[in-house]
Every structure is written in C-alpha cells, then in structure tokens.
Amino acid sequence: MSDYLDELETRPPASRELALLSQLPNLVSHAQTAPGWASILNGVHAGDIGTRQALAQLPVTRKSDLKDLQKKSLPFGGMTSTPPAQLRRVFMSPGPIFDPEGHGQDWWRFARPFHAVGLRAGDLIQNCFSYHFTPAAFMVDGAAARLGCPVIPAGIGQTEMQVQAMAELRPAAYVGTPSFLKIIVEKAQEMGADISSVQKAVVGAEALPPSLRKWLQEHGIAHVLQTYASADIGNIAYETETDGVLNPGMVLDEDLLLEIVRPGTGDLVAPGEVGEVVITSFNPDYPLIRFGTGDMSAVMPGISPCGRSNTRIKGWMGRADQTTKVKGMFVHPSQVAEVLKRHPEITKARLVVTGEMANDAMTLHCELAAPGDKPSLQAALVDTMRDVTKLRGDVIFVAPGSLANDGKVIDDTRKYE
C-alpha cells in the first residue's frame, strides 16, 4: 500500500514547477472569460504570463476584497468561469462571502491530507464539521468519496450522540476542529464509552497548540494532523508523519502556486521571511490568480522527511491585516510599504505604535542597506510618513538583522488596561 496518494507528491521539484508554470497562460486566459477577472486582469496578455516573474507583476486580489466585489455582482463578483446555475453548491460564509463548489471529484482537494494520516478505502470517518451554510463538511465528503471511505455526517454539537456514534459505529477517524474532539473525548470518559476505534484525526479551522495535540495523543488519538485550508481555495497545505512521528512544516497541495508577499503589497519577500500567503489556484470553475489569503506564513527550506517533495510552509502564523488606528486615523501596511518604496536605502522597516488611549505615538524602525547621511534621511523619512499617513511620526535606525522575522509591518504595542 503506497504511502503517497499518487506519483505527483514525490516528483522532482523542477518537474512540478515546470508543469504548473506551463499551465499559467491557459489559466489566465480561462479566468479572463469571467467578467470579474476580465476587469482585474484588464490589459494582461495571457501568453506573457508563463513565469513567476511575470506572475508577480499581476495584482493581488485579497480575500478582504471579496465582499465588495461580490456586492457589485452577486453571488461571486463575476469571478467564476462556470455559471452559478451550473455549480453543485453555493455556500455563504460570515461577511457574507459566497463560495462556489463545482462538480469535479474531490473538488476541494482534501484527499491528500486524508491519505497522509493513513485513511484508506473502507475506513469510516466521523465528519464533525458543520454542514450548515459553509463548505468544510463537504470538503471532507468529497475527499472521502475519492478514497472510498464511508462518512458519518455528524456535524457539530450533540456531544452525547457523537460519543454514541463513535462507540457503536467504530469509525477509524475524526475530522473537525481539535477543540471539539477534546470535548468528545471528555464526554466519552464521563459516559464510560469506548471510542478507542478513533486512532486518526484530521483537524482544522482553528489553531492546534502543541499541548492540545499531546493531550489528544495521550487520550488515545495516535495520529493527529492539521490541514490549512480556506473556503475559497480548499486544501492549501497539510501536515505529514514518518513512522508515526510528526514532520516539521506543512506540505503545499500539488495544484497550487504559492507566493509569500509583504503584507499590504504584492512584493515578494526573501526566502524564509514571514509574509502573506498568496495562492494561484488552477480550479476550472473558480480560478484564483494571486489570491491573498490574509494569512501569514513562511517557506521552509528542503523537502519533508516523509518524501513528499513539494514546498513546505511553517503553517499559520497570524493575520496579515495589521491595520491600526493612530490618533483616530487608520494606518495600513500598504502605507508603510509606500514609505519604503520612496526610500530604497531602507532594506526593512517596522512601524511601532506606542502610548495609551488618546496619547498615541508611532515610530518607524529602519534597517539601512549601508551607512549614509542619517540625519538627512531621518528628516526625509519623517516628511514622507506625514505625506503618506497624514500623521506625525518619528524615525530611528536599528542594526541590520535586528528586526524580527515575524512578518510584522505594524506592531501595535499599546495597552488599554
């Protein structure tokens, strides 16, 4: 029995890169048949978009933009290349943001994380994601169908019934949030029920602290792996094991191109630097080109010990939208990026907001490429900050490499106790 879903997972990285980049022109051309993408990509010649350098010149469309785009053209902002009437399902996430599902097999591409945790044909899955309005439960069902796994459509809540189902139907795996699995295990202990058949768990939609993973393993769930997914893209990346030992990082899905950009911009960060996750997805029903998830992560060097050769990321590392208010006015990461563009002498910067309510102060901490006329540059930067943000701020220079690699562009340290 193969450890891998298919040969794509272990192909040479150069082969994967070539295969995905060769699809880019057709993806752009296909997307431009949808009126929303035709507007976003106005003036773009699809045949020119065949390299990462060319892709990086296209605009980033962020998840935070979807609500306004969809208001202009319900339900999907004109961004689906399959007409809404020909889709399988239409979901409504909080916002509201509307998400489509087409008819393709394993449309959300969840079979890979399920196979990685050890699920095979015939294994019964208790699906504890919600079937109400949002797509997570259907992501599970689609992957289970591809693998040949039957599903208990348990949904959320009704903890005693969840325990009863596990005790009597003996599923091999739980899929849902990790916190709900803990509640189920605790309820089973209270009821004296045997749910030891559940040896595997694929969890997502919330953080999995190491302490909770350890607790679940100590209470009988031997294999607990996370997925990183979104209602727009489906599976983005997933954890793996080797001989029952968790491997570092999360392996990127085979059908996606990943970029990490500086928050508030479309500019790529240096390898290993933390930034916003931007995804290009080759979904024929809902193509996404440079889609900014709003999540922060970083690329890890090398390939996973499990043998899957795709890019690894560090997992979810916070949100990219670091917008904050200073003296009653919003300051955005994109404004910090604009300041840096006007002063290429600055290699890295972070805007630190300090003070107390009604007594705000902001200081731009800057790393310099080379020593220079610091007083003149400092004065110029103060003027640029005022021009861009309409606020007065200070500037200090710090040693190269001293600013943390955590993706923060704006660090709000104020306390409101």
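**Strands, a helix crossover and aromatic pairs**

Good morning. Strands β21 and β22 (residues 394–398) pair in the parallel sense over 5 bridges, where two strands count as paired if DSSP finds at least two bridges between them. Helices (H or I, at least four residues) and strands (E, at least two) are DSSP runs, numbered from the N terminus.

Before I continue, please note that this is a predicted model: local features need pLDDT of at least 70, side-chain atom pairs count only at pLDDT 80 or more, and totals for chains, interfaces and linings use all residues. Residues are numbered from 1 along each chain as its sequence is written, and side-chain values use heavy atoms, with hydrogens and water left out.

Let us stay with β21, which spans residues 359–368 and has 8 of its 10 residues buried. Buried means under 20% relative accessible area, exposed over 50%, and partly exposed in between (1.4 Å probe, protein chains only). Histidine 365 has isoleucine 396 of β22 as its bridge partner. Together with helix α11 (residues 374–389), β21 and β22 make a right-handed β-α-β unit. Right-handed here means that, with the strands pointing away from the viewer, the path from the first strand over the helix to the second runs clockwise.

I now turn to a sheet. Strands of a sheet pair through backbone hydrogen bonds, either parallel or antiparallel. Here 9 strands form an open sheet with mixed pairing, in the order β5-β4-β6-β7-β8-β9-β12-β17-β16. Its edge strands, β5 (151–152) and β16 (299–300), each pair on one side only. Within this sheet's order, β8 (residues 223–230) and β9 (residues 234–238) pair in the antiparallel sense over 4 bridges. Serine 230 stands opposite glycine 234 in β9.

Finally, the aromatic rings. How many aromatic pairs does a search of the whole structure find? It finds 5. Rings of Phe, Tyr and Trp (its six-membered ring) pair if their centres lie within 6.5 Å; planes under 30 degrees apart count as stacked, over 60 as edge-to-face and the rest as tilted. Phenylalanine 110 and phenylalanine 114 form an edge-to-face pair, 6.0 Å centre to centre with 80 degrees between the planes. Phenylalanine 110 is buried, at 4% relative accessible area, and phenylalanine 114 is buried at 0%.

Why is the pair of tyrosine 131 and phenylalanine 138 edge-to-face? Because their planes stand at 80 degrees, with the ring centres 5.3 Å apart. Tyrosine 131 is partly exposed at 26% relative accessibility, whereas phenylalanine 138 is buried at 14%. Thank you.
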